[in-house]
Amino acid sequence: MRIENDIKLGFKDVMIRPKRSTLHSRSQVSLEREYHFVHSNRNWKGVPIIAANMDTVGTFAMAEALAKDGLITAIHKHYTTDDWKIFLHSQTDNGIFQHIAVSTGTSKNDAEKLSLILNQHPDLQFICIDVANGYSEAFVDFVKRARDKFPDKTIIAGNVVTGEMVEELILAGAEIIKVGIGPGSVCTTRVKTGVGYPQLSAIIECADAAHGLKGQIISDGGCKIPGDVAKAFGGGADFVMLGGMLAGHEESGGELIEENGKKFRQFYGMSSATAMDKHSGGVAEYRASEGKTVKVPFKGPVEETVKDILGGLRSTCTYVGAGSLKELSKRTTFIRVQEQENQIFS
């Protein structure tokens, strides 16, 4: 047993200090990023926000909506190959292929299904290899095999929270590493296991490791408000993945519920009993549920939420004098705080 005494920070522990700016308007800020991916040798340009690969968020309908603004959707892994065929054949603009990722687990069935989808639709660019615990040797081996089998695909892999594992996954063949264990709004890993890492510190440390190897990271989880998205980018995240902030919309998955004249959508973690009952025949005897199920007030089309998030991000950039999202981390100074907003009328 050992103890690390350095303080680790989450989004609630800091604010971004404003700086002098020559910008006259939020409209001057560009939120587009352009990345080159080291293994696939592909380039990508767009707004680096990703809808999470949860069946209540990462839907085909969400992908169609977000692609209009240049955002990515990590499509959840529970669509069938026929579902994929119907969806992609319905698309007249091939630009959407650059804004969706095919999600997969690491089982034999997952691998076979991934191969079928990518063989049928070779224009798809991104693979998202997603497990709760990215520290296992079996996971690293799966990433290596995926790189060998799909040399021209850009591989997202996770989740981890430490620099050495980011480096190992990049060296194994992944380009973009998903960072976050336990910060999600419907994740109970920290409660059930005691395992986790404050998200902002994880971003800072993992970004440093990834960028040294010409890789990228995704901050996955922990964003409750647009200001948290800005803090994630300010801390060095290349992409930010959102779950709860994109739940509850027309384009989201989850059962639509009406109570006392108000509409809600069901939202749950992918390690919750709800998800495992739906997709795996229940919670296995050797494990515990590590997610919860909640009802999110129905928010209508996701377009207005996206405008709110992107508007807040542009405003952050104007406060620190960053003309583009690329400049934000260079212009960010975090200050430690013990309070955030005044909640007297919340």
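Begin by selecting Gly-182 and Gly-184, where UniProt, in an unreviewed entry, places the feature "binding site"; UniProt positions are given in the numbering used here, feature names are shortened, and annotations may be inferred rather than shown by experiment. Residues are numbered from 1 along each chain as its sequence is written, and this is a predicted model, in which local features need pLDDT of at least 70, side-chain atom pairs count only at pLDDT 80 or more, and totals for chains, interfaces and linings use all residues. Side-chain values use heavy atoms, with hydrogens and water left out.

Centre the view on Gly-182, which is found in the loop between strand S9 (176-179) and helix H6 (189-193); helices (H or I, at least four residues) and strands (E, at least two) are DSSP runs, numbered from the N terminus. Gly-182 counts as buried because its relative accessibility is 13%, where buried means under 20% relative accessible area, exposed over 50%, and partly exposed in between (1.4 Å probe, protein chains only). Not counting residues up to four places away in sequence, Gly-182 touches Cys-187, Thr-189 and Arg-190, a contact being heavy atoms within 4.5 Å.

With its neighbours within four places in sequence left aside, Gly-184 is in contact with Gly-221 and Gly-222.

Now select helix H10, residues 302-320. Its 19 residues should span 27 Å at 1.5 Å a residue, and the end C-alpha atoms, 28 Å apart, agree with this; the expected span is 1.5 Å times one less than the number of residues. Colour the buried residues of H10, among them Val-302, Val-306, Ile-309, Leu-310 and Leu-313, and then show what the buried residues of this helix pack against: strand S1 (14-16), strand S4 (49-51), helix H1 (60-67), helix H8 (226-234), strand S11 (239-242) and helix H11 (325-331). Following H10 is Gly-321, whose phi is positive, near 80°.

Finish with the cysteines. The structure holds zero disulfides, a disulfide being a pair of cysteine sulfur atoms within 2.5 Å. Cys-128 is in no disulfide, and the nearest cysteine sulfur, that of Cys-187, is 15 Å away; Cys-128 itself counts as buried, at 0% relative accessibility. For Cys-206, the closest cysteine sulfur is in Cys-223, and since the two sulfurs are 15 Å apart, they are too far for a bond. Cys-206 is buried, with a relative accessible area of 0%.
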